[in-house]
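The sequence and structure are displayed below for reference.

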Amino acid sequence: MHHSAASLLWLVVIALVIYLSYRHYIKARALLQAWADANHFKILHATQSWGFMPLGMMFTTSRYQIVYHVAVFDASLKRIEDIGVKEGKALPPLPRDLPLVNEVKPRFADLFKGIYLKRTITVWFMWIGAYFVTYGLTAWAPSLFNFVFHLPVQQSLAYGLVLSVVGLGGALLTIYLIEAIGRKAMFAVGFGICCVPLLCFVFFGKLSAVQVLAIVSGSFFFCSFLALGLATYTAEIYPTQLRALGGGVASAWQRAASMAGPIVVGWVLPHWGLNYVFVVFGLFALMGCLVTAFFAIETRGQVLERLSPAHGTQR
């Protein structure tokens, strides 16, 4: 009897493993096909790699990521070439002065070599400053209004929604500003204006919930510049072989800051009061402003191969 039950259990486990593996394969294949469709590629063949997943992928949220070696047919490029042949025009050649890029395996230590040492440390502090403030405000806003001002839960959540809508407005403005004035200037303005109202809480007395919401919303509007634009900026300051690794590690600092922000709120609030919670956020925004102003580089309108050369091609 026990032998039969054990055999049945093993059959169930094996069947479950096969089912989950097949479902995982279907999901992964769907994601790969969606990527190809979005980029107008036709997949010729895809070979799964059973090696260790790149660090940059481990910091993302997809459960169905598998490393594939993919051969694709670029339909968009083929259409452009066909139009050129039809009209008797040839595609212009690539610039001859672009630095050669050797295929190398990225290493964590490469983030600290040459010109990338300053860039890496700078962008880490920018991510920490931006997301310490962002998650600290958005995660705690409803709880603060409910706990400190004793507002009903529905009203506290409504105030949190107002804060999110204001942040959305800042994010939409970012789409224009990131090219109009450049990355560095936009980040410096975002951090700089964000920190001023928050630091002014040190001089304020007891404020009403509406006053706090108005001041914090003004700060969060400008902090949203960073939340939307930092990922683009981080990708631009690294060469191709370091781009995923550099972005992944920077995102890890984002997660760390998002955890630290609410924790600091929970510690500062009972010891120093509500006003100093916002002062702490203001200090982190001020740190981000100073780091951006003195150490960040401008990437707008520049050729990435020259701006971020691969190791061994830096001049």
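In which helix is the place of Val 279? In this predicted model, Val 279 belongs to helix 9. That helix covers residues 274-295.

Is Val 279 buried or exposed? The relative accessible area of Val 279 is 10%, and the limit for a buried residue is under 20%; Val 279 is therefore classed as buried. Leaving aside residues up to four places away in sequence, Val 279 touches Leu 198, Leu 199, Phe 201 and Val 202.

## The largest cavity

How many cavities of 30 Å³ or more does a search of the whole structure find? The search finds two. The largest has a volume of about 80 Å³.

Helix 4 (116-147), helix 7 (209-236) and helix 9 (274-295) each contribute at least two residues to the lining of the largest cavity. Helix 4 gives the most, with four residues. Among the lining residues are Leu 137, Ala 141, Leu 144 and Phe 145, together with Val 212, Leu 213 and Val 216, and also Leu 274 and Phe 278. Phe 149 and Leu 163 line this cavity as well. By class, the lining consists of 11 nonpolar residues, with no polar and no charged residues.

## The second largest cavity

The second largest cavity has a volume of about 40 Å³. Its lining includes Lys 118, Arg 119, Thr 122 and Val 123, as well as Tyr 233 and Ile 237. Phe 295, Ala 296 and Ile 297 also line this cavity.

Which helix gives the most to this lining? Helix 4 does, with four residues, as it also gives the most to the lining of the largest cavity. By class, the lining of the second largest cavity has six nonpolar residues, one polar residue and two charged residues.

Helix 8 comprises residues 240-272, a run of 33 residues. From its first C-alpha to its last, helix 8 reaches 46 Å, which is close to the 48 Å expected at 1.5 Å a residue.

Key:
Residues are numbered from 1 along each chain as its sequence is written. This is a predicted model: local features need pLDDT of at least 70, side-chain atom pairs count only at pLDDT 80 or more; totals for chains, interfaces and linings use all residues. Side-chain values use heavy atoms; hydrogens and water are left out. On a 1 Å grid over the protein atoms alone, a cavity is a set of points where a 1.4 Å probe fits but cannot get out, and a pocket is an open set with protein on both sides within 12 Å along at least five of seven lines; lining residues have an atom within 4 Å of a point. Grid points are joined across faces, edges and corners, and a volume is the space filled by probe spheres set on the points. Ala, Val, Leu, Ile, Met, Phe, Trp, Tyr, Cys and Pro count as nonpolar, Asp, Glu, Lys and Arg as charged, and the others, Gly among them, as polar. Buried means under 20% relative accessible area, exposed over 50%, partly exposed in between (1.4 Å probe, protein chains only). Contact means heavy atoms within 4.5 Å. The expected span of a helix is 1.5 Å times one less than its number of residues.
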